[in-house]
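Some labels rest on cut-offs.

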Amino acid sequence: MKEKLRRRKSTRRQSRYASLLIVAAVVLVCIFSVMRVSKLNAKSKELTATEKDLSKKIELAYKEKEELAALEAYMKTPKYIEDVAKDKLGLVYPDEIVIKPAQQ
């Protein structure tokens, strides 16, 4: 009978220790999970901000592309050639009179 009591006490102690270890393991897993979730949330916010920034840059790049396409089309016209000849080279048509403002 004493042997049965000793066995019961030892199994109770073992089951208590096992229960404590299981509880401690579950608590640690929960803590690490919460920490990981908070890190992932912070990373998600950072990536969202980066995505918005890159979307704005893409939009600006498309606008710049359109402006450059318009400038390229303008540069292929005779009007552009005429403007460059007048502004940079100082050329004029034979029947034109150039009036320059007086410099002070």
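Asp-53 and Lys-57 sit four residues apart, about one turn, in helix α1 (residues 2–75). The model is predicted: local features need pLDDT of at least 70, side-chain atom pairs count only at pLDDT 80 or more, and totals for chains, interfaces and linings use all residues. Numbering starts from 1 along each chain as its sequence is written, and side-chain values use heavy atoms, without hydrogens and water.

Q: What makes Asp-53 and Lys-57 a salt bridge?
A: The term needs a side-chain nitrogen of Lys or Arg within 4 Å of a carboxyl oxygen of Asp or Glu. The closest N and O atoms of Asp-53 and Lys-57 are 3.7 Å apart, so the pair qualifies.

Q: Why is Asp-53 called partly exposed?
A: Buried means under 20% relative accessible area, exposed over 50%, and partly exposed in between (1.4 Å probe, protein chains only). Asp-53 has 38%, so it falls in between. Lys-57, at 49%, is partly exposed too.

Q: Why is the pair of Tyr-74 and Tyr-80 called edge-to-face?
A: Rings of Phe, Tyr and Trp (its six-membered ring) pair if their centres lie within 6.5 Å; planes under 30 degrees apart count as stacked, over 60 as edge-to-face and the rest as tilted. A search of the whole structure finds one aromatic pair. Tyr-74 and Tyr-80 lie 5.3 Å centre to centre with 75° between the planes, so the label is edge-to-face.

Terms used. Helix = DSSP H or I, 4+ residues; strand = E, 2+ residues; numbered from the N terminus.
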